[in-house]
Amino acid sequence: MSQHAKRAYSSPLREEAARRTRATIVDAAARLFVDRGYVSTTVRQIAETAGVAVRTVFTAFPGGKSELFREALDAAVTGGSAADEPGSGRAPRPGRGASGTAGSDAERIVEQVVRYGADLLERAGGLLMTSVESSGADPDMRRFADEDARATADNARTIAEGLRRHGLLRDDVSVEHAAHVFYTLGSPQVHALLRRDCGWDVDEYRAWLTATLRATLLR
């Protein structure tokens, strides 16, 4: 076999091995960040959990823990059922079908928002709470927490503005008030309180959030 043919055959294998190693390291880091917190987790612990050398972790992730957290969070946010949504990574936007009524449209929109948000928090909520809980002790975690808070607030306002534009909010509910309600009730903090601390299952959480948003905001 020629040297060229050998390189062409082995390169994809090396690339696949490197990809699997990165995925194993990211998975180990994500579990440790959620279980132990960001500050208490060391690169050595991540390496031991992943079954690789510390040097391998830094070779794959030169930025260390911060880069690993970003990689783990991105994988959690974009993975799973989010890939099944058109325009993955974006929340559903309010709109009215030609044959729908305002009531049915509003309920459908809230159900879509709750389903999307609950699925996202089931995948990424633990890591988002890690950034919140560690934000006072680590500047990288404060940055991650602040970025998520801004993105969540912007998304909440977009949804509230769409509901108002299509006449689906109650007359006594302002866009600002509706945005604050979406932002608060759909937050990783509330999700963690109900799912982790109170022991609710995900269906119970979805049903409560849907009913509360409907009763609080909709016509």
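Which residues of helix 8 (residues 188-197) are buried? Select that helix and you'll find Pro-188, Val-190, His-191, Ala-192 and Leu-194 as its buried residues. Buried here means under 20% relative accessible area, with exposed over 50% and partly exposed in between (1.4 Å probe, protein chains only). Helices are DSSP runs of H or I of at least four residues, strands are E runs of at least two, and both are numbered from the N terminus. Now step just past helix 8 to Gly-199, which takes a positive phi of about 80°.

A word on ground rules: this is a predicted model, so local features need pLDDT of at least 70 and side-chain atom pairs count only at pLDDT 80 or more, while totals for chains, interfaces and linings use all residues. Residues are numbered from 1 along each chain as its sequence is written, and side-chain values use heavy atoms, with hydrogens and water left out.

Zoom out to the whole chain. There are nine helices and zero strands. Of the 219 residues, 37% are buried. The accessible surface (Shrake-Rupley, 1.4 Å probe) comes to about 12100 Å², and carbon and sulfur atoms account for 51% of that. Counting contacts (heavy atoms within 4.5 Å) with a separation of 6 or more, 64% are between residues 24 or more positions apart.

Next, select helix 4 (residues 64-78) and pick out Ser-66. Is Ser-66 buried or exposed? Ser-66 is buried, because its relative accessible area is 16%. Beyond its neighbours within four places in sequence, Ser-66 touches Tyr-38, Asp-140, Arg-143 and Phe-144.

The axes of helix 4 and helix 6 come within 10 Å and cross at roughly 25°. These axes are lines fitted to C-alpha atoms over the stretch in contact, with angles from 0 to 180 degrees between N-to-C directions. So helix 4 is roughly parallel to helix 6, the label for angles under 35 degrees. To see the contact, show Ser-66, Phe-69 and Arg-70 from helix 4 with Asp-140, Met-141, Arg-143, Phe-144 and Glu-147 from helix 6.

Last stop: colour by pLDDT, the predictor's confidence in each residue, from 0 to 100. The chain's mean is 86, and 84% of residues reach 70 or more. Residues 80-101 stay under 50, and the model has 36 contacts beyond four places in sequence for them.

Notes: Angles under 35 degrees count as roughly parallel, over 145 as roughly antiparallel, 65 to 115 as roughly perpendicular and the rest as oblique.
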